[in-house]
Amino acid sequence: MNFLELVKHRASVRSFSERAVEAKTLEYILECARLAPSAVNYQPWRFFVVSSAEAKKALQRCYNREWFTSAPLYILACGDSGKSWKRGSDGKDHLDIDVAIAVEHICLAAAEQGLGTCWVCNFDAALCSQELRLPENLIPVAIIPLGYPAGEVERRGSRKDIEEIVAEL
């Protein structure tokens, strides 16, 4: 599948089968994240594979949705505030941008491997840090439930026409 086909294929999955994610597949997905670009190549990310029952329950308390509990594992994507690049002219921190690029690499790699993901950003980040005992410098950015979709994946939402999002200057 070419890149455009892969992008069209990727969707937010909110229902997962009980099938476990193979270690080799998970390693492949994480390698894709590791190779993501970042501002000044600082790579300020840290990924936690959340697969133990105890850690999964802790993460589920941070985002209390029934569908979320069906994922066999999660990847918690964090940014290290001490290692992120800040733009000199205005101090803009690129932590969220860099982590987001790597998270999308995870989502696309997972889709390529036949797995489903969903960006979860509407969670209690402070509770997440507390529940998982994260060091102060690690900021939770997104949770990615990861697993094989249960049944047919529903593609939701329309996309704006290209003319609505592209302009020449």
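# Strands, cysteines and loops in a predicted model

The place of Arg-133 is the loop between α5 (125-131) and β4 (138-147). The model is predicted.

User: Is Arg-133 buried or exposed?
Analyst: Exposed means over 50% relative accessible area. Arg-133 has a relative accessible area of 67%. Arg-133 therefore counts as exposed.

User: What is phi of Arg-133?
Analyst: Arg-133 is a residue other than glycine.

User: Where is Val-40, the residue with a positive phi?
Analyst: Val-40 is not a glycine, yet its phi is about 55°. Its place is a loop. That loop lies between α2 (23-34) and β1 (45-50).

User: What is the order of the strands in the open sheet?
Analyst: The sheet has 4 strands. Their pairing is antiparallel. The order is β1-β2-β4-β3.

User: Which strands are the edge strands?
Analyst: An edge strand here pairs on one side only. That holds for each of two strands, one of them at residues 116-117. They are β1 and β3.

User: How many bridges join β2 to β4?
Analyst: Strand β2 covers residues 73-80. It runs antiparallel to β4. The number of bridges is 8.

User: How many disulfides does a search of the whole structure find?
Analyst: A disulfide is a covalent bond between the sulfur atoms of two cysteines. The cut-off is a sulfur pair within 2.5 Å. The search covers the whole structure. It finds 0.

User: Which cysteine has the sulfur closest to that of Cys-32?
Analyst: The two sulfurs are 12 Å apart. That is too far for a bond. The cysteine is Cys-107.

User: Is Cys-128 buried or exposed?
Analyst: Buried means under 20% relative accessible area. The value for Cys-128 is 0%. Cys-128 is therefore buried.

User: Which residues make the nonpolar surface patch?
Analyst: The patch covers about 300 Å². Ile-165, found in helix α6 (residues 162-165), is one of its residues. Ile-165 counts as exposed, at 56% relative accessibility. The patch is made by Ile-162, Ile-165 and Val-166.

Technical notes: Residues numbered from 1 in each chain as written. Predicted model: local features only at pLDDT ≥ 70, side-chain atom pairs only at ≥ 80, totals over all residues. Heavy atoms only, no water. Patch = residues over 30% accessible without salt bridge, like charges linked within 9 Å, V, L, I, M, F, W, Y side chains within 5 Å. Areas by Shrake-Rupley, 256 points an atom, 1.4 Å probe, with all protein chains shown as cover. Salt bridge = Lys/Arg side-chain N within 4 Å of Asp/Glu carboxyl O. Buried < 20%, exposed > 50% of the residue type's maximum accessible area, 1.4 Å probe, protein only. Pairing = 2+ DSSP bridges.
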